[in-house]
Amino acid sequence: MSNEIQPQDKLAAKKAAVLGAKKTSRSTQFLLIAGCAALVIGGGVFFLGRQGAPPQAAAPALLAPAQAHAGEVSHPAADFDDGRARFYEHRTEGGPVLRYFVLKSSDGVIRSAFDACDACWRAGKGYRQDGDEMVCQNCRMRFPSVKVMEVKGGCNPAPLPNQVRDGKVVIQVGDILSGRGYFDFQREG
C-alpha cells in the first residue's frame, strides 16, 4: 500500500470539502435570514405595541360654547384653579367653528391657545391634557403647560392672548377670529 493520495481521492476530498462548505454556507445563510426575519417581526410588534391606541378627537364633553359680549369672551378665572384645561368653541356665522382651550399652568399663570397648531391643524384633532402637558392628538408631541403662549410655531399650541380682569379670563373676539385659518379645512396651505 502506498501513502500517496491518488488523484481520484484528491478530487473526492476536494469535492467533499466544497460541498461541505456549501452546506455550511447555506445553513449559515438560512440562520441569518431567519434571525433577520425574527428581528423585523419582533421590532414591528414592539413598535406597534408602543404606539398604543390611535389618537382620538377632542372629547366633545369638554367643549363648551363661548359667549361673546361687547367683542369679548370671558370665563371665570376660578374655573381654572384645578389646573385642568377647559375647551371652548366659538361659532362664526357661516364660517368654521373655532376651538380654543384655557388652563392654569403649574406656575399659576392662566394660559390660552387655539386647539390647533401650525403643523397639524389639517388633521383637526387638537390637543388633550395629560397631567401637566398638552398632547397633540395628531403627532402626539407633548408640551409642558408652562410653555403654552410662550412658544409658538411647529406643533406648539397656537397662542391665543388673554387678560385676567376682575376675576375673569377675557379674550378678545378679534383674537379668536384671527385663528380662523386653523379651522378652515377647505383652504389649502
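Visitor: Which residues touch the most other members of the largest nonpolar core?

Guide: Keep in mind that this is a predicted model, where local features need pLDDT of at least 70, side-chain atom pairs count only at pLDDT 80 or more, and totals for chains, interfaces and linings use all residues. Residues are numbered from 1 along each chain as its sequence is written, and side-chain values use heavy atoms, leaving out hydrogens and water. A nonpolar core here is a set of buried Ala, Val, Leu, Ile, Met, Phe, Trp, Tyr and Cys residues joined through side-chain atoms within 4.5 Å, with buried meaning under 20% relative accessible area (1.4 Å probe, protein chains only). Among the 20 residues of the largest one, the top four are Tyr100, Val102, Ile176 and Tyr182.

Visitor: And which element gives the most to this core?

Guide: Elements are DSSP runs: helices (H or I, at least four residues) and strands (E, at least two), numbered from the N terminus. At least two core residues come from each of strand E5 (97–104), strand E6 (110–114), strand E11 (168–172) and helix H2 (173–177). With 3 residues, the one giving the most is E5.

Visitor: What does Ile176 touch?

Guide: Contact means heavy atoms within 4.5 Å, and residues up to four places away in sequence aren't counted here. That leaves Val73, His90, Leu98, Tyr100, Phe114, Leu160 and Ile171.

Visitor: How many helices and strands does the protein chain have?

Guide: Going from the N terminus, the order is α-β-β-β-β-β-β-β-β-β-β-β-α. The tally is 2 helices and 11 strands.

Definitions and conventions: Buried means under 20% relative accessible area, exposed over 50%, partly exposed in between (1.4 Å probe, protein chains only).
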